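Open the model in your viewer and keep the selection tool at hand.

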Amino acid sequence: MLKKSINKNVPAFTLFLTLVFSLLPASISFAADVGNCLLCHKYPGLSRVDEKGKLRLLFINEDIFNTSVHAKVKCEGCHTDIQKIPHDPAKKVDCLSECHITEPSTEQKFSHKDVETSIVNSVHSKVDKNGVEKKFSEDIPTCKECHDEPLYRPMSFFKTIRSGISEEAMSRCKSCHKKDDFIFRFYSHVTSRLHRTKNPLNIAEMCGRCHDNAELVARHKLSTRAAFSYGETFHGKAARFLDERIPDCLDCHINKGESVHQILSSTDPKASINENNRGKICATTDCHPQASPRLAKYSVHAEFNLEQSPVQYFFTFFFIVLTGGTLLPLMGIIFLDLLRRLFPNAVIKRRK
Amino acid sequence: MLNILKKLYILAFMALTIFFMIIIWKVTFAQIIEEYHTRQEAIEFAKIKQQQKPEKEKTAFEKLVLEGDEKVKLYLGYRVLEETRIKGHFHHIGFDIGPDKRSYCNTCHGDMPHDDVKELRAFLNMHAFFIACQTCHVKLEGSKKTGIYKWYDRTTGEIVDSPVKKYRPGTYKAKIVPFESVNGKLVRLDSQENSEFVQEFREKEKTLTEVQRSRAKKMIHEIVSKQPVICENCHQKEAPLLPLADLGYPKERIDAITSTEVVGMIKNYTQFYMPRMLHPGEGSKKD
C-alpha cells in the first residue's frame with residue numbers, strides 16, 4: 001500500500017515537494033551558524049590534501065545541512081576546539097561528547113554516550129568480553145564508517161502514506177505553533193523517526209562496505225559476503241527496487257526494541273539470529289505473522305558456492321541445467337523451423 | 001512484395017530467437033561456468049596463501065587516489081541525493097563539479113594546488129576553484145596589461161557568460177581567466193598554444209635529459225611572477241584588482257567580497273599567517 005501510494009501522482013507530488021524543499025531553506029534561518037562559519041565554509045573549493053594524502057573537504061552544503069538532524073546544532077557544538085576565527089586546524093570530532101542541545105525529556109545535555117555502551121556489548125566492539133583488544137580491531141567500524149550526516153526523511157500520514165512533508169499537516173501545526181523553523185524540524189524529526197532514516201538499499205550498501213569486502217570477510221573468517229548474498233534473495237531484489245517495506249540487515253540482526261548499535265554475534269544466546277531465537281525473526285507482526293519458526297531456518301546468506309552452501313549449490317545447479325537444458329534446445333528447434341520456412345525447398349545433397 | 005515481407009518477418013523472428021538464446025545462456029550455463037572459474041581462482045588464491053607468497057601490495061596511488069571515493073545515491077523518499085562519498089567524510093557534498101579540464105597548470109599541480117602554508121592552503125584552494133592560476137600568479141605589466149578578465153567553462157574551456165547570478169557563491173562551473181594584449185589582440189593567458197606546449201612536455205618528459213626538462217619547466221613558468229597577487233588586492237573597496245562588476249557580480253556580492261567582515265578576517269590572517277604566505281615553502285618547514 002505504501003509503495004502504491006508513493007507511486008500515485010508522482011509528477012505532481014515531486015513538483016510540490018521540489019517547491020516545498022526549495023522554499024524551505026530560504027525561509028528557515030540557519031540558526032546553527034551563529035559563528036558565521038559559512039562565510040568561508042560555504043565554498044566547495046575550501047579543501048586541501050593533508051600530509052597523509054587524504055582529501056580534507058571543508059565545504060558545508062548549506063541546503064543539505066539544513067535538512068539534516070544536526071541543523072540546529074551550532075558548528076562549535078561538535079567542533080568543540082574551535083573558539084576563535086581564524087581558527088587552527090580543527091581536531092577530530094568526538095561524537096560522544098556532551099554537546100549542543102538539551103534533551104527535553106531529562107532536561108540534561110544531549111550526548112551519544114549511550115551508543116558507546118551498545119557498541120561495547122555488540123559484535124562490533126573493539127574488545128572482547130574480557131576487555132582484551134580483538135584481533136584486527138582496526139577493521140571494526142567507527143561512527144563515520146556507518147554514519148554520514150543523517151538527513152531527515154519526512155513522511156506524510158495525512159489521508160495517505162507517502163514520503164515527504166504534508167502541507168495539510170504543516171498547516172495544522174501552524175494553528176498553534178508560530179515558528180516555521182520549529183514546525184519544520186519537529187515534523188521532520190518525528191516523521192523521520194517513525195521509519196528508518198536510511199532506506200533498505202542504503203542500509204545494505206552501508207553494511208556491504210565492510211561485509212562485502214572479500215579481504216575483510218576472509219580475515220575475520222565470516223561465512224558470507226553478507227550484503228551480496230542478501231541482494232540475491234527476494235528481499236534484496238525488492239530493496240534494489242527501493243521497496244521500503246522489506247526487511248534489511250537491521251530488521252533481522254537486532255532484537256526488537258533494542259538499539260541498532262547492538263548487533264550480536266550469532267553465537268551469542270541473546271542474539272536474534274542465534275539458532276534458538278531465529279524462528280521468531282520472520283514471524284513478527286510486521287512481517288509474516290502466521291509463519292512457522294521453520295521459515296527462518298533457510299539459509300538467508302547462501303551464495304552460489306559449492307563450499308559455502310553445498311545443498312543450495314546442487315539445487316541451484318539442477319534448476320539451472322533444467323531451465324537451460326529445456327529452453328535452449330527449444331529455441332534451437334524454433335530457429336531451425338524458421339530456417340525451413342525461410343528456405344522451404346532447400347536440401348542438402350548427399351554424395352552418391 | 002508479400003514474399004519479401006514474409007521473409008523479413010521470419011528473419012526478424014530468427015534474430016529474436018538468437019537474442020533469447022543468448023539471454024538464456026547467460027542466466028543459466030554461463031552462471032555455472034562463471035562459478036567454476038571463481039572457485040578455481042579461490043583455490044589458486046588459497047594455494048598462494050598457503051605457500052605464503054607475499055600478496056602483491058597495493059601501490060600508494062591505488063590506496064590514496066583510486067580507493068578514495070565512490071558515487072552514492074541516498075534515497076530520501078522525496079528526493080534522491082547523488083554525490084561522491086569520500087571515505088571518512090561526514091557532511092554531505094551534494095554535487096559534483098568535476099575537474100578543470102582547461103587548465104594546463106592542473107595537469108601537474110592538481111585541482112588543489114596549494115599546500116605549502118598550512119593555515120592558508122584551504123583558502124587558496126577555495127579561490128583556485130573559480131579563479132584560474134594565471135589570475136594571481138601572473139602579473140602583467142606595460143602594454144601586455146589589459147585589466148580584462150572573463151569566465152571560462154571548466155569542462156569545455158570556452159569563454160562563457162558570468163555564472164555569478166545563477167549559482168551560489170563559489171559553486172560556479174566556470175573560472176576567471178585574465179587576458180593579455182599581444183600585438184593589439186586580446187589573448188587569454190591559458191592559451192591553446194601554451195596548453196599544447198605543456199601537453200607535449202608531459203608526453204615527452206620521460207625521454208628528456210635533465211637539462212631539457214629543466215629548460216622546458218623554465219619556459220612553462222616563465223610568466224609566473226615571483227610574488228603572487230595577495231588577498232587585499234581584490235578584497236578592498238577602492239580599486240580591487242578584479243573588475244567584479246564586469247565579471248557579473250551584483251552590487252550586494254561586491255559589497256560582501258569587500259566587506260569589513262571579509263577584509264577584517266584577512267587582516268586577522270595577515271597578522272597571524274600572511275607573512276609566511278608571502279614566502280612560500282617556509283610554512284612547510286615550520287610544520
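How many residues of chain B are in contact with chain A? Select both chains: 60 residues of chain B are in contact with 74 residues of chain A, where contact means heavy atoms within 4.5 Å.

Before going on, note that this is a predicted model, in which local features need pLDDT of at least 70 and side-chain atom pairs count only at pLDDT 80 or more, while totals for chains, interfaces and linings use all residues. Residues are numbered from 1 along each chain as its sequence is written, chains are lettered from A and ligands numbered from 1 in the order in which they are written, and side-chain values use heavy atoms, with hydrogens and water left out.

**Stop 1: the interface**

Chain B and chain A bury about 6100 Å² between them, and carbon and sulfur atoms give 68% of that area. Buried area is the accessible area (1.4 Å probe) that two parts lose on being put together, summed over both. Now pick Y75(B), Y78(B) and F90(B), which supply 13% of the area that chain B buries against chain A, more than any other three residues.

For polar links, the interface holds 15 residue pairs in polar contact, both residues being at pLDDT 80 or more. A polar contact is a pair of N or O atoms within 3.5 Å; within protein, one must be able to donate a hydrogen and the other to accept it, and residues adjacent in sequence count only if both atoms are side-chain atoms.

Colour chain B by element next. Two or more residues on the side that touches chain A come from each of α1 (2-27), α2 (29-50), β1 (69-75), β2 (80-86), α5 (121-128) and α11 (260-272) of chain B. Helices (H or I, at least four residues) and strands (E, at least two) are DSSP runs, numbered from the N terminus. The largest share, 11 residues, comes from α1(B). This side of chain B divides into 33 nonpolar, 13 polar and 14 charged residues; Ala, Val, Leu, Ile, Met, Phe, Trp, Tyr, Cys and Pro count as nonpolar, Asp, Glu, Lys and Arg as charged, and the others, Gly among them, as polar.

The interface also has 2 salt bridges. A salt bridge is a side-chain nitrogen of Lys or Arg within 4 Å of a carboxyl oxygen of Asp or Glu. Select R168(B) and E62(A), whose side chains meet in one at 3.5 Å, N to O.

**Stop 2**

Go to W25(B) in helix α1 of chain B. W25(B) is partly exposed at 41% relative accessible area (buried means under 20%, exposed over 50%, partly exposed in between, with a 1.4 Å probe and protein chains only). Leaving out residues up to four places away in sequence, W25(B) touches L328(A), A30(B) and I33(B).

Then select E35(B) in helix α2 of chain B. Is E35(B) buried or exposed? At 6% relative accessibility, E35(B) is buried. Beyond residues up to four places away in sequence, E35(B) touches F304(A), N305(A), L306(A) and Y313(A).

**Stop 3: the nonpolar cores**

The largest nonpolar core has 27 residues; select F130(B), W151(B), I176(B), L242(B), L247(B) and Y249(B), which have the most contacts inside it. Two or more residues of this core come from each of α3 (38-41) of chain A and α5, β3 (145-153), β5 (174-182) and α11 of chain B. A nonpolar core is a set of buried Ala, Val, Leu, Ile, Met, Phe, Trp, Tyr and Cys residues joined through side-chain atoms within 4.5 Å.

Centre on L242(B): apart from neighbours within four places in sequence, L242(B) is in contact with I131(B), T135(B), Y149(B), I176(B), C234(B) and L247(B). A second, separate core of 12 residues includes M206(A), Y230(A), A239(A) and I263(A).

**Stop 4: salt bridges within the chains**

Select K175(B) and D100(B), which form a salt bridge with the closest N and O atoms 2.8 Å apart. This pair links distant parts of the chain, 75 residues apart, with K175(B) in strand β5 and D100(B) in the loop between β2 and α4 (106-109) of chain B. K175(B) is buried at 2% relative accessible area, and D100(B) is buried at 5%.

Finish at K251(B) and D255(B), whose side chains meet in a salt bridge at 2.9 Å, N to O. Both lie in helix α10 (residues 251-257) of chain B, 4 residues apart, about one turn of the helix. K251(B) is exposed at 59% relative accessibility, whereas D255(B) is partly exposed at 32%.
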